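Hi,

Here is the structure I promised to pass on.

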Amino acid sequence: MSKVRVAGFSVSLDGFSAGIEQSLSDPLGKRGTEILQWFFHTPSFRSMHGQEGGSVGDIDDEFAHRAMDNFGAFILGRNMFGPVRGAWPDKSWKGWWGDNPPYHVPVFVLTHHPRATITMNGGTSFHFVTGGIHAALERATEAANGRDVRLGGGVATIQQYLRAGLVDELHLAIAPVLLGSGERLFGDLDALKLGYRCIRHVPAPSVMHVVLARST
């Protein structure tokens with residue numbers, strides 16, 4: 001049965017999953033990449049970008065591989081797709097990832113502003129959904145065709161799905177980094193009351209991998 005999952009989502013020790021002041025040079029906000037260092041050295045990440053090598057067989061790569069495995073569709077918030085705000089000024093912005101994004105499946109972008117579907121190389125297509133989180137999930141589930149749907153972020157998007165009780169599982173990589181400010185994943189959220197429990201926690205040299213699942 002298809003699940004809705006958050007996977008490979010990095011969190012700082014003080015609870016932030018993105019820094020402040022997102023921009024073209026800082027897609028994850030100031031210092032945001034510091035919480036992703038665990039991912040960059042894995043073969044899973046390197047192969048996504050056409051590179052070889054990486055730390056084969058370690059726990060980070062196990063979780064990195066799982067974070068991209070068995071997903072038939074993705075859902076992204078508008079800010080995860082790019083830094084453009086408001087109405088789309090033109091068709092030039094097609095995401096952070098170049099002509100061949102790492103998704104290779106349909107991606108549904110939450111937005112208040114309509115835009116035509118963008119078809120990219122490698123099987124990725126970006127579909128812009130103006131009907132809200134339930135409409136995006138309905139379309140993503142249909143497109144996934146029995147595979148899981150991954151919530152790629154950002155924080156506000158994941159929080160909306162958590163509050164609606166629509167997320168089955170979260171894999172968080174907790175990095176030993178203090179960001180001090182930014183977007184807090186569990187800010188104003190009571191994950192316990194929402195029914196989530198820790199079902200797995202695995203220490204790695206650079207992060208703690210934690211898996212939360214919702215009680216049924």
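Accessible areas here come from the Shrake-Rupley method with a 1.4 Å probe, and for residues only the protein chains shown count as cover. On that basis the protein chain exposes about 10700 Å², with carbon and sulfur atoms supplying 53% of it.

Some housekeeping before the details. This is a predicted model, in which local features need pLDDT of at least 70 and side-chain atom pairs count only at pLDDT 80 or more, while totals for chains, interfaces and linings use all residues. Residues are numbered from 1 along each chain as its sequence is written, and side-chain values use heavy atoms, with hydrogens and water left out.

Now the overall picture. The protein chain has 6 helices and 11 strands (DSSP runs numbered from the N terminus: H or I of at least four residues for helices, E of at least two for strands). Its radius of gyration is 16 Å, close to the 17 Å that the globule rule gives for 216 residues, so the chain is as compact as a globular protein of that length. That radius is taken over C-alpha atoms, and the rule is 2.2 Å times the number of residues to the power 0.38. Along the principal axes, the C-alpha trace spans about 45 × 40 × 35 Å. Buried residues make up 48% of the 216; buried means under 20% relative accessible area, exposed over 50%, and partly exposed in between (1.4 Å probe, protein chains only).

The spot I'd look at is around Gly-77. This glycine is in strand S3 (residues 71-77) and counts as buried, at 5% relative accessibility. Leaving aside neighbours within four places in sequence, Gly-77 is in contact (heavy atoms within 4.5 Å) with Val-109, Leu-110, Gly-153, Gly-154 and Thr-157. Thr-157 is 80 residues away from Gly-77 in sequence, yet their C-alpha atoms are 5.6 Å apart. Two of those partners, Gly-153 and Gly-154, are joined by a cis peptide bond, with omega near 0°. Gly-154 sits in the loop between strand S7 (148-153) and H6. Helix H6 (residues 155-163) has Thr-157 among its buried residues, along with Val-155, Ile-158, Gln-159, Tyr-161 and Leu-162. Just after H6, Gly-165 has a positive phi of about 70°.

Next, the aromatics. There are 12 aromatic pairs in the structure. Rings of Phe, Tyr and Trp (its six-membered ring) pair if their centres lie within 6.5 Å; planes under 30 degrees apart are stacked, over 60 edge-to-face, and the rest tilted. Phe-71 and Phe-74 make a tilted pair, 5.8 Å centre to centre with 50° between the planes. Phe-71 is buried at 3% relative accessibility, and Phe-74 is buried at 3% too. Trp-88 and Phe-128 have ring centres 5.4 Å apart and planes at 70°, so that pair is edge-to-face. It links distant parts of the chain, 40 residues apart: Trp-88 is in the loop between helix H4 (78-81) and strand S4 (106-110), and Phe-128 is in strand S6 (residues 125-129).

Most residues other than glycine have a negative phi. Arg-31, in the loop between strand S2 (16-18) and helix H1 (37-40), has a positive phi of about 65°. Asn-70, in the loop between helix H3 (59-66) and S3, has a positive phi near 65°.

Cheers
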